[in-house]
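Visitor: I would like to learn how to read a structure like this one. Could you walk me through a few features?

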2 protein chains.
Amino acid sequence: MEPGQCLMRQAEEMNALFWIESGWAMRHRNLANGRRQILNLLLPGDICDLQGLIHTRADHSVTAMTPVMLCEVDAGRFLDLLHNDGQLAASLLWSVVQEEGILREHIVRIGRRSARIRLAHLLLELVRRQALGGGPSDGLIEIALTREVMADCLGLTPVHISRTLSELRRDGLVTLEPQGRLRISDIDALARHADYDTRYLHLARPDHVLDRAGGAQA
Amino acid sequence: MEPGQCLMRQAEEMNALFWIESGWAMRHRNLANGRRQILNLLLPGDICDLQGLIHTRADHSVTAMTPVMLCEVDAGRFLDLLHNDGQLAASLLWSVVQEEGILREHIVRIGRRSARIRLAHLLLELVRRQALGGGPSDGLIEIALTREVMADCLGLTPVHISRTLSELRRDGLVTLEPQGRLRISDIDALARHADYDTRYLHLARPDHVLDRAGGAQA
DNA sequence: CGTATACTTGACCCTGTTCAAACAACGTGG
DNA sequence: CCACGTTGTTTGAACAGGGTCAAGTATACG
């Protein structure tokens, strides 16, 4: 899919599941007053969306931010597959727990943190998730995020993102690379600075879940 | 459990699942700077928590707000039960989708709405969820919420909640009942006023999911 | 090389915060 | 039954973080 194309549209009925192979996308909701809130960014390896399994109306849209390669699975077939493959079931459970964790973290960020720390957290999370999905782990964020995207993630305005980012750059925590990509110069320093729990999403995938679910078809 | 008791504590290892039979509880995270963000309120009928299934460290606490009766299920036994009971599996899937919807709604509220509308949304959601769980559906919120609880839900301060609530009362949208409980005088009026999607969580539970999962042990 | 899109910067404003004091509701013990 | 501590609520005044509007500047792209 090309940038700007919708994988899924608010209020549309879903009956498939997507798996992002490459490229970035975003889940977002558009409000009546023209505002937008991005709920979560989707990186390679992410699943979208459980809602598809229960064949209901989507409460948000999903839009490609870069060219995206994805794998589409019919909901019915997927449920059948779950039946025969406990490992798949365990993966799904794992992925759901991960996603809920990301959503919760997002709530805390938006609800109780300053603009500066919100932004630091967002960048730290993206760098970490990118690495988990096989991307670079050196602090460079693969794709260029517009100020508007960051603003709509964090409940701020593009103008204020611009200012806050300048601050972080001034303090040597973040640098601006070619093509508008961002780099966290020193991940640990920024994490300390921003009270970021480095164990978050660091969870090794515990195999006992796999074992158990392999028998249980969870 | 008594009010103030923890069902689950941040950073503690979980290997059980709870089902709330009666009473209200809250999921929350406490930050290093002493602030608190409530992630979600748990009402009768809610499940807490999927994280328990994969035996990992909790990233948040759960605390009883009223006396709470709950049903505790060992994670391993639950996974075994899933094996034999497709209906249970479907219920779980359903409940996960519901919960993710609630979390997403919360993000939009906190990220892109004014204090007044945030509060209206919170109250509307509670009234709706309460009714879904068998509680009153006439607009009365069963339990007295402190201003601080509402503030920590919505990313605001108790002082500002107090002011905002006064406004809503002045405008005749909400009334204060005995024992500090709140009542939405006219649910539809408030929903219109607050651009609240009344279809949200109104989702009838589709039986085809049950059927399918009954065979598939999803 | 010109246009479009995004980014930066400044000035001013507004929503929600902070601090502080007064007030109400409630339970306890004398 | 009343005094009183406790906990939660209301209100006011001053303040600040972030928003809004507007102008100017990069950067990419055809």
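**Reading strands, a helix and a pair of chains**

Guide: Happy to! Let us start with a pair of residues: Met8(B) has Val62(B) as its bridge partner in β6(B). Keep in mind throughout that this is a predicted model.

Visitor: Which strand does Met8(B) bring to β6(B), and in what sense do the two pair?

Guide: Strand β1 (residues 6-8) of chain B pairs with β6(B) in the antiparallel sense, over 2 bridges. Strand β3 (residues 25-30) of chain B is also antiparallel to β6(B), joined to it by 4 bridges.

Visitor: Which way do the residues of β6(B) point, and are they buried or exposed?

Guide: Ser61(B) and Thr63(B) point one way from the strand, while Val62(B) and Ala64(B) point the other way. All of them are buried.

Visitor: What is the strand order in the open sheet of chain B?

Guide: To read a sheet, list the strands by who pairs with whom. Here 3 strands run in the order β5-β2-β7 (chain B), with antiparallel pairing. β5 (47-48) and β7 (69-74) of chain B each have a single partner strand, so they stand at the edges and one side of each lacks a neighbour in the sheet. Strand β2 (residues 16-22) of chain B is joined to β5(B) by 2 bridges, and Trp19(B) has Ile47(B) as its bridge partner in β5(B). Helix α1 (residues 75-84) of chain B packs on this sheet, touching β2 and β7 of chain B, and its direction makes about 80° with that of β7(B).

Visitor: How many residues does helix α3 of chain A have, and how far does it reach?

Guide: For a helix, compare its span with the expected one. α3 (residues 115-132) of chain A has 18 residues and reaches 26 Å from first to last C-alpha, close to the 26 Å expected at 1.5 Å a residue. Of its 18 residues, 15 are buried, taking buried as under 20% relative accessible area. Just after α3(A), Gly134(A) takes a positive phi of about 95°. An unreviewed UniProt entry annotates residues 113-188 of chain A as "domain: HTH crp-type"; over that stretch the chain is 54% helix and 8% strand.

Terms used:
Residues numbered from 1 in each chain as written. Chains lettered and ligands numbered in written order. Predicted model: local features only at pLDDT ≥ 70, side-chain atom pairs only at ≥ 80, totals over all residues. Heavy atoms only, no water. Pairing = 2+ DSSP bridges. Contact = heavy atoms within 4.5 Å. Axes fitted to C-alpha atoms, helices over the stretch in contact; angles between N-to-C directions. UniProt positions renumbered as here; feature names shortened; annotations may be inferred. Expected span 1.5 Å × (residues − 1). Buried < 20%, exposed > 50% of the residue type's maximum accessible area, 1.4 Å probe, protein only.
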